[in-house]
Amino acid sequence: MIAWERISKWVRRHRAAAMAALVVAGIVGGLPTNRPVWAEPPMDRAIKIKQMERALKNDEKTLGPEHPKVAVRLNNLATLYLAANRLDEAGPLMKRVLNIAEKALGPDHPSVATALNNLAQIYRHTNRLDEAEPLLERALNIHEKALGPDHPNVAIRLNNLATLYLTTNRLAEAEPLMKRALNIHEMALGPDHPNVARDISNLATLYYTTNRLAEAEPLMKRALNIDETALGPDHPDVARDINNLATLYYTTNRLAEAESLMKRALRIDEKALGPDHPKVAPALNNLAALYQATNRLAEAEPLMERALKIHETALGPDHPDVARDISNLATLYYTTNRLAEAEPLMERALKIDETALGPDHPNVAIDLNNLARLYQDTNRLAEAEPLMERALKIHETALGPDHPNVAIDLNNLARLYQDTNRLAEAELLMKRTLNIYETALGPHHPSVAIRLNNLARLYQDTNRLAEAEPLMKRALNIYETALGPHHPSVAIRLNNLARLYQDTNRLAEAEPLMQRALKIDETTLGPNHPDVTRDINNLAQLYQDTNRLAEAKPLMERAIKIHETALGPDHPKVATALNNLARLYQTTNRLAEAEPLLQRAIKIDETALGPDHPDVARDINNLAQLYQATNRLAEAEPLMERALKIDEKVLGPDHPSVAIDLNNLAQLYQATNRLAEAEPLIERALNIDETALGPDHPKVATALNNLAQLYQDTNRLAEAEPLMERALKIDEKVLGPDHPSVAIRLNNLAQLYKDTNRLAEAEPLMERALKIHETSLGPDHPDVAIGLNNLARLYQVTNRLAEAEPLMKRALNIGERALGPDHPKVAIRLNNLAQLYQATNRLDEAEPLMKRALNIFETSLGPDHPKVALGLNNLGWLYKVTNRLDEAEPLMKRALWIFRESLGPNHPNTRKVARNLDNLRAAGDGG
């Protein structure tokens, strides 16, 4: 049936680092790197480089190539090359400096250690970490021997090596080095020296990285206090400390405190360094990222643009820092659905990093992942996959197979496999991702919780619900412990678990989780944040499933308004919200209100995503279903065919979404009595679901039921029965014996038993189905009315009319209260009760019910709908029975015309009304 999308069921993907919400400059406090930040424009720097190159050439000529003064020139020129991002030129110069120092001073001189450190820093910037590490170790060893183990310069070397360990995720090795460096500086310089503050910041960075936030915070505060006292409140180092603390506050959802600190850091840097200094750019980016996370996108964009302009002017248009700014701005465009603007920026960032850093640098991997995600979201999956695979290979080679950045790549590729229905491949990658994070960061890190949720979602998609639940519960517990019970990330986990409960029909357990998630996000993010719409829609869906439609509608309307305000009226998320509200309108028979919403959703997605995107196929299918419900079958069919064509082209002919499209089109063929065309579509859909999801998936049960219904319609009852029995068995096994889907299967099988006159077998199935629906959905749910009606019809067939009547009346009462007095389903109940009255010769009571039913059908579905024809036929037959033949004939004639026009001359209903009309005319002739 209709492929309605439930909103924000999952946090679907963990994006690459540069696509993350907070684009921090890093928790700063890292090593001294001998890489100065130059404030002058690139042209001024180029002049200085030319001057330095001439001076070096003169000194080499006059003093010789290995003179100590030449080494100084080489070092200075290498530093300028570093600032200009000419790393390939800086490295050989630093090697020459090292060689000169070793020959002139001996291999164990402290100046050699400095040269080793400088060369190691270049290797770090060019991602040659294996080459950097022995240089740093040797530099440390030289200083320890020459200066003693407790000299301040030893502390610097310890910090440098520790930072390299941190980069390569060797956190347990980094921590003792950082602690030792801190101890040296405290003893040598006193507890309140700025160098001590740097060591404290480094250790706090390590604690932050390993999620030991409670340990990190007092260290950050102490570092800030030291620098404020020693350097003054407006020193750039104070700004760095402030930014570190602000980042921690952001992570722990103390957004108002974080914003205040970030603004202060920006003011300090602007005042101390000037508004166009490169160090101002990271502060702008950090504040912009906070604005982006709190949905203040209009405030974020000019800050990012200004940061980009600063770096382009100061560092040149091809510097890696410019690439980072470009990526940040592209992320903002991506978030606001300006994909055409985002793509060239991402491509430019990739090109800059490939040229400046080399094709195998980790920053290139980040750029590749960002561009791949854009391709994936614009449905260019074949273009996305090789980029993700290349990013994975880069990180595995550069950082090792067990680094967290490798896990991010694995997760991204797994999501792509999941989108292309390669579930077994996706599962292996997700498990490896989870293992990497648990090993690297510990079993209680929030990043581990994200991986648990992703794997749980895969289990849920493959119907392994019992395996999914403990993973989701563990993820929720990790976040509550690490970030506190009121963090937005906790809200996401609550929603995920609630959706699992909803899928397993534990609605009473799901609702309080959804309500708690909504309260968290409204409190922390504000009532109009886009993430609040996720909570609103989930809760609205639950209300809809439990028939609390009046509660669902204002939530869905609120979700649309939030998205329109925050993201603009033409964002794809607005289209999804419109689809949800349209579905609610369709459920409550407000079809005229649903149609323009669906049409607007199609237009939005076609413009934003392109005419061949799967989300467009979803929208088209939804509109086609509405046309089918209003008997506009000629309009529905080409839409369904287009949706099928889109999904086959984009997702492949064997994707589960294609199976949904096939079933939708097959049901349209069934409705128009084109059963021979419907059958191969249903069989193909069944084969797709069995292959993609396994033989025991609930969607396979649905496909089996659809095929069985077709066999039943073509009187192949012996073929239909084993399919229905298998469908029932699947749902009982997977969903439990008391799930509403089981009740549907029981009713279907009972109807087959009824059609084959096995009434004694049908009755207990109907009674069990009714009990399941009453227990799981409540006694007043519309599905309960269906069960009551089915059982009443059985009682009627077995001439237990006194038992049937109260069931029919109760079914009618439920429908009127739940759906309103003018809903087509109410008309069906009216007709059923009228026929019972007719069977018991209470014709005066039957007639007003039939007339009311006919009026409902005509008003709600239009005068030419097949259900109107049924109403006309029933009322005409009543007139025949009461010998009002002149009144009966025009009703039956009109019914026959409707059926012929809408269903064709050979449809069973057409033939039945034709026979009734012949009988009527024969009765008139006989009279």
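This is a predicted model: local features need pLDDT of at least 70, side-chain atom pairs count only at pLDDT 80 or more; totals for chains, interfaces and linings use all residues.

Me: OK. How many cavities of 30 Å³ or more does a search of the whole structure find?
Reply: Two.

Me: Which residues line the second largest cavity?
Reply: Pro-782, Ala-785, Gly-815, Leu-819, Lys-825 and Arg-829. Helix 36 (782–797), helix 37 (801–819) and helix 38 (824–839) each give two or more residues to that lining.

Me: And what volume lies in the second largest cavity?
Reply: About 30 Å³.

Me: What classes of residue make up the lining of that second largest cavity?
Reply: Three are nonpolar, one is polar and two are charged.

Me: Switching to pockets. What is the volume of the second largest pocket?
Reply: About 330 Å³.

Me: How many residues line the second largest pocket, and which lie nearest its centre?
Reply: The lining has 19 residues. Nearest the centre are Asn-127, Asp-360, Ile-394, Thr-397 and Ala-398. Helix 5 (129–147) and helix 17 (381–399) are the elements that give two or more residues to this lining.

Me: Which helix gives the largest share of that pocket's lining?
Reply: Helix 17, with six residues.

Me: How do the lining residues of the second largest pocket divide by class?
Reply: Six nonpolar, seven polar and six charged.

Me: Zooming out. How many helices and strands does the protein chain have?
Reply: It has 42 helices and zero strands. Along the principal axes, the C-alpha atoms fill a box of roughly 135 × 45 × 45 Å.

Me: What share of the residues is buried?
Reply: 60% of the 927 residues in the protein chain. The chain exposes about 36600 Å², with carbon and sulfur atoms supplying 54% of that area.

Me: What about contacts: what share is from residues 24 or more positions apart?
Reply: 65%, counting contacts with a separation of 6 or more.

Me: Last topic, helix 26. Why is helix 26 said to be largely enclosed by the rest of the structure?
Reply: Because 13 of its 16 residues are buried. Buried here means under 20% relative accessible area.

Me: How far does helix 26 reach from its first C-alpha to its last?
Reply: 23 Å, for residues 572–587. That is close to the 22 Å expected at 1.5 Å a residue.

Terms used:
Residues are numbered from 1 along each chain as its sequence is written. Side-chain values use heavy atoms; hydrogens and water are left out. On a 1 Å grid over the protein atoms alone, a cavity is a set of points where a 1.4 Å probe fits but cannot get out, and a pocket is an open set with protein on both sides within 12 Å along at least five of seven lines; lining residues have an atom within 4 Å of a point. Grid points are joined across faces, edges and corners, and a volume is the space filled by probe spheres set on the points. Helices (H or I, at least four residues) and strands (E, at least two) are DSSP runs, numbered from the N terminus. Ala, Val, Leu, Ile, Met, Phe, Trp, Tyr, Cys and Pro count as nonpolar, Asp, Glu, Lys and Arg as charged, and the others, Gly among them, as polar. The expected span of a helix is 1.5 Å times one less than its number of residues. Buried means under 20% relative accessible area, exposed over 50%, partly exposed in between (1.4 Å probe, protein chains only). Contact means heavy atoms within 4.5 Å. Accessible areas come from the Shrake-Rupley method with a 1.4 Å probe; for residues, only the protein chains shown count as cover.
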